[in-house]
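The following exercises are meant to be worked with the sequence and the coordinates at hand. Try each task before reading its solution.

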Amino acid sequence: MVDIDAAIGYVVAHGDPVERARLSYLRTGTPPPASALERIEIEQTPAGGWPAAGDGSVPSVDATCFRLAELDDLGGLHGPPVERALAWLASVQRRDGTWQEDESLAAEAPAWAMPGDPEATLYLTAVAGFWLTVAEVEAHPHHEAPARYAETLQAAARFVVAQLRPDGTWPSFLATGWHAAGLLHEQQFFYESARVQLVLGDRLPDMSPADAANMAAALRRVNLCDDWLLQSARKRLSETQRTDGGWDSDEGPLFDVNTTLTAIRACRTWTPARH
């Protein structure tokens, strides 16, 4: 069993103010202090996206999706900064339905965001499509209104489907899978989404704790995680939780608190109350 109390204690002891605010919202639905939101929003570029580095001026698709995930943990995807970010993402989608980073970011881009790289293009298309999907689910949980970015999401989904191999695998990074599964399911590519989930289940025993947490949290966010896959992910997290309550990040110790927050979201049995 995952020790949620120990995980909470780890975040309280080691998290910064934004991370502790995320924890409070995940636990009780407590609205974050204005300062927590301001620390994120202050770095947003005039175009609407966030830069890859705090002192950057060129917005990054990958960094913008990371910031949307942080804001989601602080109470949902709404408000002017989020709307600007979503509009920016839609505006920089390429004509073939994909996303790529600006070429000026190539010198500092990680492998999963390298401009022009096919694997990075598929990953960024899946993750940008996923967060636009989450925003639509947040705004219209019962599909009571037409999706604001329907054409954008359909174009992204068609591209992703075209890249899937006959066995359900994909020519890109592991994280592409769970983002693609959420995007495809919401765009009614149910068979393709199910095939991707089966592949994720096969790969789960070898996943890092960060990958297992991110997969389960992402699929739960779009109400997609089948019981068998979620239970298997929880088992993997219970096997990899450290004695101090945290989990290792794939990006180094500076991101361990973020991984632990993601694991808490993946394993929680409560739902924050909306305020």
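A residue counts as buried when its relative accessible area is under 20%, and as exposed when that value is over 50%. The model used throughout is a predicted one.

**Exercise 1.** Determine what share of the residues of the chain count as buried, and how much area the chain exposes.

*Solution.* Applying the cut-off of under 20%, one finds that 55% of the 275 residues are buried. The chain exposes about 12,600 Å², and carbon and sulfur atoms supply 53% of that area.

**Exercise 2.** Compare the radius of gyration of the chain with the value for a compact globule.

*Solution.* For 275 residues, a compact globule would have a radius of gyration near 19 Å, and the 18 Å of the chain agrees with this. Next, the box filled by the C-alpha atoms along the principal axes is roughly 45 × 45 × 45 Å. Finally, among contacts with a separation of 6 or more, 69% join residues 24 or more positions apart.

**Exercise 3.** List the order of the secondary structure elements from the N terminus on.

*Solution.* The chain has 12 helices and two strands, and their order is α-α-α-β-β-α-α-α-α-α-α-α-α-α.

**Exercise 4.** Which residues make the nonpolar surface patch of about 320 Å², and is L254 buried or exposed?

*Solution.* The patch is made by F66, L254 and F255. L254 is situated in the loop that links α11 (227-240) to α12 (256-267). Because its relative accessible area is 77%, L254 is exposed.

Technical notes. Residues are numbered from 1 along each chain as its sequence is written. This is a predicted model: local features need pLDDT of at least 70, side-chain atom pairs count only at pLDDT 80 or more; totals for chains, interfaces and linings use all residues. Side-chain values use heavy atoms; hydrogens and water are left out. Patches are made of residues with over 30% relative accessible area and no salt bridge: like charges are joined within 9 Å, nonpolar side chains (Val, Leu, Ile, Met, Phe, Trp, Tyr) within 5 Å. Accessible areas come from the Shrake-Rupley method with a 1.4 Å probe; for residues, only the protein chains shown count as cover. A salt bridge is a side-chain nitrogen of Lys or Arg within 4 Å of a carboxyl oxygen of Asp or Glu. Helices (H or I, at least four residues) and strands (E, at least two) are DSSP runs, numbered from the N terminus. Buried means under 20% relative accessible area, exposed over 50%, partly exposed in between (1.4 Å probe, protein chains only). The radius of gyration is taken over C-alpha atoms; the globule rule is 2.2 Å times the number of residues to the power 0.38. Contact means heavy atoms within 4.5 Å.
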